[in-house]
Amino acid sequence: MMSIPSSPPSSSVSASEPGLSRNLQFLQRPSRVTALLGTDAVLECSASGYPTPNIQWRRGEEIIQSWNKKYSLLAGSNLIIRTVTDDDSGSYSCTASNKNQNITAQAELSVLGEETQVSGLKLTAGTVLEQWAISKLCCAGSHIYQRGS
């Protein structure tokens, strides 16, 4: 009697197992940030996928490569812009990339001048200050920045 070999049992493979490619996706997309002149601004960005993505920031079309007193990374992905000036206002983008793909999201940084700082004024979500919509106002020590929706 001849036996026919059976095929090996099939197994389902989870997409979270190491070694399998997973599409990149943003865990935290950068958003509109408003910072007071002279404070630090934080642009948040993080992504997941496999292979693990690298994060790269651009200001306009220019890659931010020199990590120095002006620019640095927090937790490997969030961009800190120290002591912002009017010149720091503009469009920034965060690109997450690996050998399989890349994804990009945009952020806008607006800098409020000293003349808009009002001592003792309590700013809350929805407050409009000289045509600047303040939403989800966040305070971190002496640094004030806004995360847009």
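**Close-up views of a predicted model**

**View 1. The pairing of strand 7 with strand 8.** In strand 8, Ile81 is the bridge partner of Tyr71, and Leu79 of strand 8 stands opposite Leu73. Strand 7, residues 71-74, and strand 8, residues 78-81, run antiparallel and are paired over four bridges; two strands count as paired if DSSP finds at least two bridges between them. Strands are DSSP runs (E, at least two residues), as helices are (H or I, at least four), and both are numbered from the N terminus. The model is predicted, so that local features need pLDDT of at least 70 and side-chain atom pairs count only at pLDDT 80 or more, whereas totals for chains, interfaces and linings use all residues. Residues are numbered from 1 along each chain as its sequence is written, and side-chain values use heavy atoms, with hydrogens and water left out.

View 2. Three residues lie between the strands in the hairpin of strand 7 and strand 8, and here Ala75 takes a positive phi near 60 degrees. An open sheet of three strands, with antiparallel pairing, has the order 3-8-7. Its edge strands are strand 3 (41-43) and strand 7, each of which pairs on one side only. On average, and with direction ignored, neighbouring strands of this sheet are turned by 30 degrees against each other; the axes are lines fitted to C-alpha atoms, for helices over the stretch in contact, and angles run from 0 to 180 degrees between N-to-C directions.

View 3. Ser89 is placed in the loop between strand 8 and strand 9 (90-97) and is partly exposed, with a relative accessible area of 28%; buried means under 20%, exposed over 50%, and partly exposed in between, with a 1.4 Å probe and protein chains only. Apart from neighbours within four places in sequence, Ser89 is in contact (heavy atoms within 4.5 Å) with Arg59, Leu109, Ser110 and Val111. The C-alpha atoms of Ser89 and Val111 are separated by 5.8 Å, although the two residues are 22 residues apart along the chain.

**View 4. Thr104 and its contacts.** Thr104 belongs to strand 10, residues 102-112, and counts as partly exposed at 42% relative accessibility. Its contacts, leaving aside neighbours within four places in sequence, are with Phe26, Ser93, Cys94 and Thr95. The side chains of Thr104 and Thr95 are joined by a polar contact of 2.9 Å, the term denoting a pair of N or O atoms within 3.5 Å, of which, within protein, one must be able to donate a hydrogen and the other to accept it, while residues adjacent in sequence count only if both atoms are side-chain atoms.
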